[in-house]
Amino acid sequence: MATMVDVARSAGVSVATVSHVLNDTRPVLPDTRQAVLSAIEELGYIPNTLARSLVTSRTRSIGLAVSAISNPYFTEILQGVEAGALEHGYSLLIADPHDDPEHELKVGRLLHERRVDGMIVAPSADPDALVAYLGRHSVPTVFLDRVVEAPADDASPSDQADPFDQVCAENIGPTAQLVTHLAGLGHRRIGLVAGLPGLSTTGERIAGYRHGLAAAGLPYDERLLAHGDSESAAAERATAALLSLAVPPTALVTANNAMTIGALRALRERGLSVPGDLALCCFDDFAWADLFEPRLTAIAQPSREIGAEAVRLLLDRLAAPDRPARVLRLPCAFVHRTSCGCPDQPKKHTKGNVS
């Protein structure tokens with residue numbers, strides 16, 4: 001097996017130069033760098049990652065904590081994170097916090113103990129314990145999909161967390177766009193199946209729902225809002241409750257892809273058709289939304305871009321630990337299909353926010 005000495009001899013450089021190329025610890029002339037890389041390729045040299053981490057205090061690994069990895073939305077985020085990490089020579093350690101604050105803290109500690117260089121986390125509805133832990137231990141972290149706040153002001157000084165980098169999609173404007181679209185089709189009783197209380201995405205999509213109603217000149221009726229807790233079974237029950245109202249909604253917005261499936265189950269159980277009996281729009285597009293009959297009108301989130309941006313933010317943080325924290329909001333796309341009751345549309349996505 002080739003050694004670093006063999007690489008140095010073949011490239012005509014010192015072992016220290018080979019080390020600088022491998023570890024990015026000092027600038028190396030382009031021609032010299034290429035000679036080292038060519039020697040590595042020719043000899044089939046495999047760097048000792050463990051030894052390198054002892055020298056650099058870096059493991060070149062990223063901890064990713066994302067719940068419901070089976071959800072197509074988070075799967076695409078994972079693909080974006082993985083592609084960005086591999087592009088920069090990082091490996092991933094992946095854990096599922098199950099949207100449970102206690103388990104989330106255990107996962108955060110475990111990844112930290114594995115000496116990951118930083119973490120990318122989709123936080124739970126109550127992430128204060130994890131945020132405080134990461135702040136106390138100065139763990140470079142990017143939160144994605146859901147935004148978090150620092151611990152409450154009455155926390156002890158040692159528990160106060162510095163602001164974290166965060167990246168997520170726009171939620172308020174796109175949700176309002178679904179509501180105003182349905183209102184524009186003549187609907188006056190528009191229901192919402194909202195997500196798990198406490199998640200920032202849930203609060204923002206409810207705000208967007210109310211914003212859309214106001215923009216359409218429609219009153220907010222709390223009876224038309226039911227929580228599907230971000231998963232299918234609860235959304236099926238929430239939809240059933242809305243359909244059981246004395247005056248049920250004529251249109252429905254579901255606030256994520258899993259809840260859309262639950263809503264469709266509830267409608268099927270009652271023999272109701274979409275859009276004949278009830279118009280439907282959903283937040284989250286997914287691969288088979290175009291295969292449903294009718295085809296689902298949806299908001300498509302830039303999931304892979306969210307994952308890729310999270311990696312970029314984390315690498316920027318590792319390179320400059322003291323720089324100001326950033327919160328990135330990425331635009332969504334309105335995908336106009338037929339479940340809203342409109343005729344079939346040409347395949348076109350409309351990006352941008354609704355004021």
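**View 1. Gly 63 and its bridge partner in strand S2.** Gly 63 has Leu 93 of S2 as its bridge partner. Strand S1 (residues 61–65) and S2 run parallel and are joined by five bridges. Strands here are DSSP runs of E with at least two residues, helices are runs of H or I with at least four residues, and both are numbered from the N terminus. The model is predicted: local features need pLDDT of at least 70 and side-chain atom pairs count only at pLDDT 80 or more, whereas totals for chains, interfaces and linings use all residues. Residues are numbered from 1 along each chain as its sequence is written, and side-chain values use heavy atoms, with hydrogens and water left out.

**View 2. The open sheet of six strands.** The strand order is S2-S1-S3-S4-S5-S11, with parallel pairing; two strands pair if DSSP finds at least two bridges between them. Strand S2 (91–95) and strand S11 (327–330) are the edges, and each has a single partner strand, so one side of each lacks a neighbour in the sheet. From one strand to the next, the twist averages 20°.

**View 3. Helices H6 and H12 on the sheet.** Helix H6 (residues 101–113) lies across S1, S2 and strand S3 (118–121), at about 170° to S1. Helix H12 (residues 303–319) lies across S1, S3, strand S4 (141–144), strand S5 (165–169) and S11, at about 170° to S5. Axes are lines fitted to C-alpha atoms, for helices over the stretch in contact, and angles between N-to-C directions run from 0 to 180 degrees.

**View 4. The packing of helices H2 and H3.** The axes of helix H2 (residues 15–23) and helix H3 (residues 30–43) are 10 Å apart, at an angle of about 90°. H2 and H3 are therefore roughly perpendicular to each other (a class covering 65 to 115 degrees). Thr 17, Val 18, Val 21 and Leu 22 of H2 meet Thr 32, Arg 33, Val 36, Leu 37 and Ile 40 of H3, where contact means heavy atoms within 4.5 Å.

**View 5. Thr 202 in helix H9.** Thr 202 belongs to helix H9 (residues 200–215). Its relative accessibility is 6%, so Thr 202 counts as buried (under 20% relative accessible area, with a 1.4 Å probe and protein chains only). Leaving aside residues up to four places away in sequence, Thr 202 touches Ala 194, Gly 195, Leu 196, Pro 197, His 227 and Ser 230.

**View 6. Residues 152–161 and model confidence.** Over residues 152–161 pLDDT stays under 50, and the model has twelve contacts for them beyond four places in sequence. The protein chain averages a pLDDT of 88, with 89% of the residues scoring at least 70; pLDDT is the predictor's confidence in each residue, from 0 to 100.

How values were computed: Parallel < 35°, antiparallel > 145°, perpendicular 65-115°, else oblique. Buried < 20%, exposed > 50% of the residue type's maximum accessible area, 1.4 Å probe, protein only.
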